[in-house]
Amino acid sequence: GTVQALVITAALGAPVIGRLADCGGFHLVFLICTAVMAAVELGLAYWGNGFGAFVLGTAVIGFIGGGSSSVLLTRPINAHFRRYRGLALGLVGVGISLTTIFVPPWLQGVIATDGWRQGYVVLAGIAVLIGLPLTMLLMPRSASTRGSAQAQGKADHSYLRERDFWLMTLANAFAAIATSGAISQLSPMLQDKGLSAADAALGLSTFAVGQFIGKLGGGILLDRIEPRLVATVLTALPALAFIVFLGTDHGAFVPLLMATALLGLLQGADVSIFAFFVARRFGVERYGTIFGALHGLGWIGTALGVIGFGVSFDLAHGYWLAQLISIGLLLLAAMLLPLVRLPAAVQIESAKTDRSALTTAKPPA
């Protein structure tokens, strides 16, 4: 129940949070979402009793979670950076990944010693005492942190009639079905190929390495090479991972670990790719609304992938069917991306000015 509530409300919340960011600006929306999330977590810690309370709390957290995710964080980055936009998006993704690496073990230790209620208190404290000041300090001090005059007033949904929006949305959803489904079953898939539980756990580490390379390397490549070519290659590469799973012998340790790294590659690069594409194609004035809608629809693909891999295993008595379908979905997603029309990049007067912005976080002159 809690997982379904999280997926549904996250899908509904992403476009709402994005729209609010377009109208009210980054700072206001981030402050409100962080405060509400911390309040809900503290409420669950001190007064949460019963299954219904946890489902409701999880639903609220899922809905406003976009306020601390790529839906909100990538908007001022896209508005502030031009020449090194991909690199900046990649660095934001790396920061989020570091959080997911270090916080869960710490949280698990807290829960083991002090109980789950204290775990919620720690989460609220991390958001308010660490995440909030760091984000407000490091975010570029530019007009992008304020609302857009064009976005205020009646919502403009004309992007829903744009072919490019649906090309990006379908590519994102198809890739999410394949990669999210595989990640949810990664350890069982590796053990199904004859790896021990310990070796399968190592596969999670190689996945994380691939994810890191995808975030940082993908961002750098988006700045230096034709973005559609980069997106196409990074989307198609994980299909090789499923080919390895289907074609390798039982217990093939090295090829299977390399396959998990390939899965991580796209999982790391996907946010940068679509954030980059939306900003280049539609601009920043309505960026939150459009990227939020794309992100929300992507959650549907994530849910279908997680459910589909489990159902496929039951029906086919193995993962081969889901892996075969995933190859087709990834190749189809890769074929859609070159069809997206991207205007020429905005040329800035000096690359040095924009490069310095990566460290100074001050708006270019």
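Student: What makes the meeting of the Arg228 and Glu226 side chains a salt bridge?

Tutor: The N-to-O distance between Arg228 and Glu226 is 2.7 Å. A salt bridge requires a side-chain nitrogen of Lys or Arg within 4 Å of a carboxyl oxygen of Asp or Glu, so the pair qualifies. This is a predicted model, in which local features need pLDDT of at least 70 and side-chain atom pairs count only at pLDDT 80 or more, while totals for chains, interfaces and linings use all residues. Residues are numbered from 1 along each chain as its sequence is written, and side-chain values use heavy atoms, with hydrogens and water left out.

Student: Why is Arg228 called partly exposed?

Tutor: The relative accessibility of Arg228 is 23%. Buried means under 20% relative accessible area, exposed means over 50%, and partly exposed lies in between (1.4 Å probe, protein chains only). Arg228 therefore counts as partly exposed, and so does Glu226, at 35%.

Student: How many salt bridges does the structure hold, and which residues are joined into one network?

Tutor: The structure holds six salt bridges. Through shared partners, Glu162, Arg163, Asp164, Arg281 and Arg341 are joined into one network. Within it, Arg281 pairs with Glu162, their closest N and O atoms being 3.0 Å apart. That pair links distant parts of the chain, 119 residues apart: Arg281 belongs to helix 11 (residues 253-282), and Glu162 to the loop between helix 6 and helix 7 (163-184). Glu162 is partly exposed because its relative accessible area is 28%.

Student: How do you know that Arg75 and Asp22 form a salt bridge, and are they buried or exposed?

Tutor: The closest N and O atoms of Arg75 and Asp22 are 2.8 Å apart. The pair links distant parts of the chain, with Arg75 in helix 4 (residues 70-80) and Asp22 in helix 1 (residues 2-24), 53 residues apart. Both residues are buried.

Student: What makes helix 9 and helix 10 roughly antiparallel?

Tutor: Helix 9 (residues 197-224) and helix 10 (residues 227-247) pack at about 150°, with axes 7 Å apart. Angles under 35 degrees count as roughly parallel, over 145 as roughly antiparallel, 65 to 115 as roughly perpendicular and the rest as oblique. The angle therefore makes helix 9 roughly antiparallel to helix 10. Axes are lines fitted to C-alpha atoms, for helices over the stretch in contact, and angles run from 0 to 180 degrees between N-to-C directions. Where they meet, Gly218, Leu221 and Leu222 of helix 9 are in contact (heavy atoms within 4.5 Å) with Pro227, Val230 and Leu234 of helix 10.

Student: Why is Thr260 called buried?

Tutor: Thr260 has a relative accessible area of 0%, so it is buried. This residue is found in helix 11. Leaving aside neighbours within four places in sequence, Thr260 is in contact with Leu186, Leu190, Gly203, Thr206, Phe207 and Phe245.

Student: Why is Leu129 called exposed?

Tutor: Leu129 has a relative accessible area of 66%, and is therefore exposed. Leu129 lies in helix 6 (residues 116-138).

Student: How many helices and strands does the protein have?

Tutor: There are 14 helices and zero strands. Helices (H or I, at least four residues) and strands (E, at least two) are DSSP runs, numbered from the N terminus. Buried residues make up 50% of the 365 residues.
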